[in-house]
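This report concerns the aromatic side chains of a protein model and their surroundings. The sequence and structure are shown first.

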Amino acid sequence: MNSEPHPHDRQPENDQNHPTDGAPADASPVDSTPETLQPAPKDEPRNLHPSSMLFEALKQARSLVSAAVIPGLALLFGSGLSGWVISLIIFAAVALVLFSALWGFLSWRATTYSVGGGAFYLRRGILQKNERTIPLDHVQSVDTVQGFIQRGLFAAGVLDVVEVRIETAGGGSGETDATLTALTRDDATALRREIERTRAERTGAAGGAEEEEPQPTVIRKLTTRELLVAGATSGQIGATAAILAFASQFFDNAIERFFSERFVDELVQTIAPNAFFVVVLVVFAFGLVAWLLSIAGTVLSYAGFTLSRSADGKYLNIRRGLVKRYEATVPVSRVQAIRISEGIFRQPFGLAMLRVESAGYGAEDSGVSTTLFPLIPIGEATRLLRNILPEFAVSPPLKRPPRRALRRYILRSVFPSLVLVSLAAVALTLTGVIEAFTTYYLVGAAVLVSTSALYGFAAFRAAGWAVERGCFVSRARSLARTTSIAPRRRLQSRSVVRNPFQSRLDLATIRARVASGGGGVTFEVIDIETKDAETLIPALGPNPPNAT
């Protein structure tokens, strides 16, 4: 263990941004105040790989081009492609290239990183210097991403660099706490090991000594067939359809701009006799395009998905992505829960996705949620867990809510539909068109309410819970049927909730919470017997009554 005092330990006492040995870590994991720049830590500051200049230049160029798109198009459509407009475009392009190249060089010069004194330091900034300090105790993960250009350079045998992303317990869900644009793969691996080793030395945990880099063992790969099936059953068609619907307004604008009103009128008159079939064809084509795009999105995200385990068995390595290659490391000891999600299109085929809720690397209880495997036969899920996470390999029969809870499940599902139907009736009445649309309204209302009732019945059928080998197993349905497995010792909280309506039927809701992401994840089973819920609370506590 290194006992040499760290330079930051010699800072004035009013400096609360750098942790000291034996002192509790700062509640805020990140300090980015420029005025608190400190002397360099023990390790010498290191520069990024010179290729970082290229990536920073491209990032700056993309930002400038994005900002100039709208005014540029307005100028182009307003003035036409005249001589001075062409000259302006050429001048802007040259200026963009020169400025981006200069920006990339200055950014590379200004960016340094180092590890020492129990913290990671990142210094950067061209116009305004910024030093970010992250206590190692707060580091949740050190992941790498290899983008399209980086992958192309690697495929061409030119360069093997990756982007390193460091996440902390207190970081936001949508922004990485520290990003190193370009490091060689060896440097990225060395940095991750250095962070782990330094933290282990500070906490006295095993593994502080220098160890050989473990060679991961491939556990399972996603085959091409499984990848396509995952895309076809991903259930992302709804989101894709929404994007297409948004984009369709530009199609409408294009029709108005490039086709004459006469042409549009003649087209409408032509298809009018077969309007119904045209609408059906358009809807079918729209759905088909949305489905194909959802498949393409899944392929881009999960192509090459490989689940590996380190030689010492302490880490699970996840690699995925076609255009961008993501590589994540999940410490086995920090896994909080497993979720087995059977999507609405996958459940009939006995397929599921595995997700892992992990507390990451740090000592805090917050963490990350990520895909453990995107598509797997439900019968194989327990076998895979037994291989990599045996503590979670349970599949007990579930106890279901009592029959009298069915009415509440259906009422909860139908209530929003009844509100929507009522609002539609009021709107149609106020606009005076209720008589013209009575048939359509009644049919639509019947379909909506019936579908909602069926959904409530399906949610009731899916709900259940069990406790086996110290794991709390719960199952619930939103659109997907999700089975959650969390060891009792990983639960952060357990609670029983009863509202007046549940009390009348002697029902209750059991909730358990584990660390994951910024706010954790809650598992709940609604409307179980009150006596079962009250029995579960001590059974899921740290000292269960029947524990041996």
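A residue is termed buried when its relative accessible area is under 20%, exposed when that area is over 50%, and partly exposed in between. W108, with a relative accessible area of 18%, is therefore buried, whereas F105, at 35%, is partly exposed. The model is a predicted one.

Across the protein chain, buried residues account for 38% of the 548 residues. The chain contains 13 helices and 20 strands. Of the contacts between residues at least 6 apart in sequence, 62% join residues at least 24 apart. The accessible surface amounts to about 30,000 Å², and carbon and sulfur atoms contribute 61% of it.

The count of aromatic pairs is six. Two of these pairs are set out below.

| Pair | Distance between ring centres | Angle between planes | Geometry |
|---|---|---|---|
| F105 and W108 | 6.4 Å | 40 degrees | tilted |
| F305 and F373 | 5.3 Å | 80 degrees | edge-to-face |

F105 and W108 are both part of helix α2 (residues 83–110), where three residues, about one turn of the helix, separate them. F305, by contrast, lies in the loop between α8 (275–302) and β9 (306–309), and F373 in strand β14 (residues 368–377), so this pair ties together parts that are 68 residues apart in sequence. F305 and F373 are both buried, and together with Y302 they form one aromatic cluster.

Charged groups also lie over aromatic rings. The charged end of R320 sits over the ring of Y326, 4.7 Å from its centre. R412 lies over the face of Y409, at 4.7 Å from the ring centre.

Key:
Residues are numbered from 1 along each chain as its sequence is written. This is a predicted model: local features need pLDDT of at least 70, side-chain atom pairs count only at pLDDT 80 or more; totals for chains, interfaces and linings use all residues. Side-chain values use heavy atoms; hydrogens and water are left out. Helices (H or I, at least four residues) and strands (E, at least two) are DSSP runs, numbered from the N terminus. Buried means under 20% relative accessible area, exposed over 50%, partly exposed in between (1.4 Å probe, protein chains only). Contact means heavy atoms within 4.5 Å. Accessible areas come from the Shrake-Rupley method with a 1.4 Å probe; for residues, only the protein chains shown count as cover. Rings of Phe, Tyr and Trp (its six-membered ring) pair if their centres lie within 6.5 Å; planes under 30 degrees apart count as stacked, over 60 as edge-to-face and the rest as tilted. A charge sits over a ring if NZ of Lys or CZ of Arg is within 6 Å of the ring centre and within 35 degrees of the ring normal.
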